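Me: I would like to go through this structure feature by feature. Please give the general idea each time, then the case at hand.

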Amino acid sequence: MLVDRILSNQEGSASRNFMISAIWWSLFAMGAGMFAGLEFSNPDLVHNVPQLAMPHLRMWHVNGVAIGWLSMGYVGAIYYMVPSLAKTRLWSERLGNFTMWAWNLLMVGAFCTLLNGVTEGREYAELCAVLDVMALVALACISLNVYMTIVHRKVKKLYVSLWYFLGALFWFPLVYLIGQRTFVYLPGLNDAIVGWFYGHNILGMWFTTVGVGMMYYLLPRTTGNPLYSHGLSMLGFWGIALFYAPTGTHHILQSPVPEWLKAIAVISSVFLLVPVLTVLTNFFMTMKGKWQLMVTDMPTRFTVTSCMFYLFTCVQGPFQATRWINWYVHFSQWVVGHAHLALLGTFSFILSAAIYYGLPRVSGRQWHSQGLIRAHWWLKFLGFWLMLASLTIAGLVQAAGWQFGIPIDQWSMQIRPYWFLRAISGIMIVLGQFIFAYNTYKTLYTPARAEAKARAKAQAAEVRA
Amino acid sequence: MYRAGALGVLITFFLIIWATVLMPMVLFNPKPSGNGNVYSYDEKAHADPARGRRVFVREGCFYCHTQFTRLQDRGYGPLVKAGDYVFETPHQLGTARTGPDLTNEGGKFPSEWQKAHLINPRAVKPGSIMPSFSYLSDKDMNDLVAYIQTLGNGREKKVTAYVEAPEEYKLALATKTVDTNSDAAANAGRGLYIQNCAACHGMEGLGNGPNSISLEKKPANFTRPFYKQYPDDFWFYRITEGVPGTRMPRWGDGATLADPRGGILTPEQRWYLVAYLKTLSKDRDREETVDNLRQLNKVKVEQLPILTKEQWEPPSGGE
């Protein structure tokens, strides 16, 4: 039936479809980032094509990666992990698939508008009013679905991952609603304050909380070890709930916004070390005796890599949020490197781990090739380090330029080599993602076709006989 | 127990929203300082800075250009105050400076320069990595330039004079032995130019000599009309000292003003060159003019023409 084809009721189908969509959009979004990187080292690469102008590519890259790749993948993982932890089915598989279509429509809209410069001009909140409403409706549907699944759960105790998922699905729709400012007109600096509340909390109350929840799910599952300490995990959860949300103003520390607000932001940024170190202690103690799995088991390797990058991000973040360091490195490519460390290093890796672990379990098929998974890991890992190193060095050169009043046309020549290295790293990362997509395609679609072919052959043989 | 947990999440979250989103709106209401940007439409100008701001937003300029000066910044004008931003929505404070800060950009460059810079940044600013915005329509371009020229609302003093040669080069004018306005001197300078300069600046001074291919910052195109405004002492200064930040050599290297006979080129030879270089820049009315930006993109970089249509100066931009 048509309804069953479009809004499938099959168990796990919503999760699978969300994961596939995430990989699909990641190709476009990461590809745009790579292309923008190429334009940095060769600014005359394209002329007269507004859709390929660097700022338009950047808008689409940021939104495509955040709303497309990471968010859709996260929802796919939540749709798999929540029922598995609650020992029940997803409350409504049809609603899940409906959300999947709505979100894909949203992404088509974002692709068409952002590349043409239809933007609200607010960083991370560029999407226009119609798309904002669509995103909110979709988020409400997802929250409803997950909360109802929890209501119908078969186990009484809520594992810590569920705390994170439920928290995120309460926080993120509200943060999104507050952060868009589509229908309100705030005076300039207030607009900036609310804007950075949103800009930082899309990370803090969505990417981090769901990402850490996935780490809590994957580490015990892939290693077979029980979680080291439930008490520590609760401490980490409440630490993030308390200290993450007020940090936004550290993005505009040298602008004329109130000093008390900056103080709150810097203090809570530094306090973030508490939940982060708690969480990571918990993870690394859980790994005890099972580190060798990093060599043999690919989901474990992705997860542990992601935890390592999480440690790096969250030590670097409070460090550069302090006034003295921020004074020096702000406005430079160092910050771009840091953003990639969080979203590409930590959260893309944990999402890849979740897909590598979850997709075989929701689709009932084994991965087409382990070698391709390894290739994906190596390309992304090495490409990412190259990107981080080149952006950080370029950022330090830039920062020195601003700090010592060197004219921009002198130091801008000095960072040309790093733009070039960044472009190469982008190519490596996108290549890795394409390998991931190819592997997924082969896994999901070719065996079915091969089986069907074999069956047809057998039938033909029967007829002949 | 879970009820208490849910209540805790609710309370902490709304406390934080109250403290960092609602309280700033109540407590932080800066009054307009009067130094904010004014985007009024000017009848004479035929351009609308308010619409230009929307073009600025649409083209995503703020991803690379910030709009607030900080205490540690040098050369970007006075520090901003909270009251300067009351009417700036959506805010364009920016996040990274891949290009220069634009807080006080208005009036720093002539509108014509801004326009040429938007069409082909590297033609007027060698080594820049700004993308070309040649796809903007005439109207968009004019409005965007109008917006750029209103930035800063005249907080910084306008640039009214060109860069001048140092004092000692003005004194050198008195000791020059060559009549730099004579054809004979220009002829003598031509030979020197072919020998020493043409490899980079080209036979016709278009800045397209064979060496220019390998140079990251392209050599100057001496046919540009604004070279008409160079005084003799400034030409002499540039030839003697080279151009900082480029590969232009110091042709007076080794010479001092006390003992001027040293150097790669003697002072006399440098004056002959001045006489020749002065003849290269073309008059405005003789230069190719173009009315259509689409045509413009087909013109060679080194012959970037003047835009005649809707020649326009902004309300507070100045020349």
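**Backbone, helices, cores and interface**

Reply: K87(A) sits in the loop between α3 and α4 (93-114) of chain A; helices (H or I, at least four residues) are DSSP runs numbered from the N terminus. This is a predicted model, in which local features need pLDDT of at least 70 and side-chain atom pairs pLDDT 80 or more, while totals for chains, interfaces and linings use all residues. Residues are numbered from 1 along each chain as its sequence is written, and chains are lettered from A, ligands numbered from 1, in the order in which they are written.

Me: Is K87(A) buried or exposed?

Reply: Count the other C-beta atoms, placed from the backbone, within 10 Å of the residue's own: 20 or more is buried, 12 or fewer exposed, and in between partly exposed. K87(A) has 9 such neighbours, so it counts as exposed. N48(A) has 13 and therefore counts as partly exposed.

Me: Which residues does the cis peptide bond join?

Reply: Most peptide bonds are trans. Here a cis bond joins T89(B) and P90(B), with omega about -10 degrees. P90(B) lies in the loop between α2 (49-58) and α3 (111-119) of chain B.

Me: At what angle do α6(A) and α8(A) pack?

Reply: Axes are lines fitted to C-alpha atoms over the stretch in contact, and angles run from 0 to 180 degrees between N-to-C directions. Helix α6 (residues 160-180) and helix α8 (residues 230-243) of chain A pack at about 15 degrees, their axes 10 Å apart. The pair is therefore roughly parallel, a label for angles under 35 degrees.

Me: Which residues have the most contacts inside the largest nonpolar core?

Reply: A nonpolar core is a set of buried Ala, Val, Leu, Ile, Met, Phe, Trp, Tyr and Cys residues joined through C-beta atoms within 7 Å. The largest has 174 residues, and I78(A) and F165(A) have the most contacts inside it. Leaving aside neighbours within four places in sequence, I78(A) is in contact (C-beta atoms, placed from the backbone, within 7 Å) with V146(A), F165(A) and V210(A).

Me: How many residues does each chain give to the contact?

Reply: Chain A gives 59 residues and chain B 53. Helix α7 (residues 188-223) of chain A supplies the largest share of chain A's side, nine residues.

Terms used
Two residues are in contact if their C-beta atoms, placed from the backbone, lie within 7 Å. Helices (H or I, at least four residues) and strands (E, at least two) are DSSP runs, numbered from the N terminus. Angles under 35 degrees count as roughly parallel, over 145 as roughly antiparallel, 65 to 115 as roughly perpendicular and the rest as oblique.
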